[in-house]
Amino acid sequence: MNRSEREAAARRIMERSQPAVPPDLYADVVRRGGRMLRRRTVARRLMWLLLFAASVTFLVWALMAHPWVEPPSDTTPPLTNW
C-alpha cells in the first residue's frame, strides 16, 4: 500500500458518519466521574492523615527516647598508672 492509497483510506475512514451515542451515556459518565473524584479525594485526605499521624508519633518518640544522646556507659574504663 503506497502513500496515496493510505491517504485515501484515511480520508474514507474520517468521512464516515460517527456512530450514534446512547442518550443515557452522559448521565452514567457524570455519575462515575463524580464517584471517582470523591474516592480520590477521600484517599488523598486519608494519606495526609496517615502522614500527620506518623509525624506526630515520630515526634513523641523522639522527645521521649532522645535518640541523639549517647547512652551512658555500663562499664567504667580501666584505671591505669595510679
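Me: What makes Arg32, Arg35, Arg38 and Arg39 a patch of positive charge on the surface?
Reply: This is a predicted model. In it, these four arginines gather on the surface. Arg counts as positive. Like charges are joined within 9 Å, for residues with over 30% relative accessible area and no salt bridge. Arg35 can be set against that area cut-off: its value is 32%. Arg35 is found in helix α2.

Me: Why is Arg35 called partly exposed?
Reply: Its relative accessible area is 32%. Buried means under 20% and exposed means over 50%. The value of 32% lies in between, so Arg35 is partly exposed.

Me: How do you know that the length of helix α2 agrees with its number of residues?
Reply: Helix α2 covers residues 25-65, which is 41 residues. At 1.5 Å a residue, the helix should span 60 Å. Its end C-alpha atoms are 59 Å apart, so the two values agree.

Me: What stands out in the backbone just after α2?
Reply: His66 takes a positive phi of about 50 degrees there.

Me: Why is His66 called partly exposed?
Reply: Its relative accessible area is 39%. That falls between the 20% and 50% cut-offs, so the label is partly exposed.

Me: Which residues form the nonpolar patch on the surface?
Reply: Leu46, Met47, Leu49 and Leu50 form it. Together they have about 420 Å² of accessible area.

Me: Why is Met47 called exposed?
Reply: Met47, found in helix α2, has a relative accessible area of 55%. Exposed means over 50%, so Met47 qualifies.

Me: How many salt bridges does the structure hold?
Reply: It holds two. One joins the side chains of Glu7 and Arg3. Asp28 forms a salt bridge with Arg31.

Me: What makes the contact of Glu7 and Arg3 a salt bridge?
Reply: The N to O distance is 3.1 Å. The cut-off is 4 Å, so the pair qualifies. Glu7 and Arg3 are four residues apart in helix α1 (residues 3-15), so about one helical turn separates them. Glu7 is partly exposed at 33% relative accessibility, and Arg3 is exposed at 61%.

Me: How do you know that Asp28 forms a salt bridge with Arg31?
Reply: Their closest N and O atoms are 3.3 Å apart. That is within 4 Å, so the contact counts. Both residues lie in helix α2, three residues apart, about one turn of the helix. Asp28 counts as partly exposed at 28% relative accessibility. Arg31 also counts as partly exposed, at 44%.

Notes: Residues are numbered from 1 along each chain as its sequence is written. This is a predicted model: local features need pLDDT of at least 70, side-chain atom pairs count only at pLDDT 80 or more; totals for chains, interfaces and linings use all residues. Side-chain values use heavy atoms; hydrogens and water are left out. Helices (H or I, at least four residues) and strands (E, at least two) are DSSP runs, numbered from the N terminus. The expected span of a helix is 1.5 Å times one less than its number of residues. Patches are made of residues with over 30% relative accessible area and no salt bridge: like charges are joined within 9 Å, nonpolar side chains (Val, Leu, Ile, Met, Phe, Trp, Tyr) within 5 Å. Accessible areas come from the Shrake-Rupley method with a 1.4 Å probe; for residues, only the protein chains shown count as cover. The place of a charge is taken as NZ of Lys, CZ of Arg, CG of Asp or CD of Glu. Buried means under 20% relative accessible area, exposed over 50%, partly exposed in between (1.4 Å probe, protein chains only).
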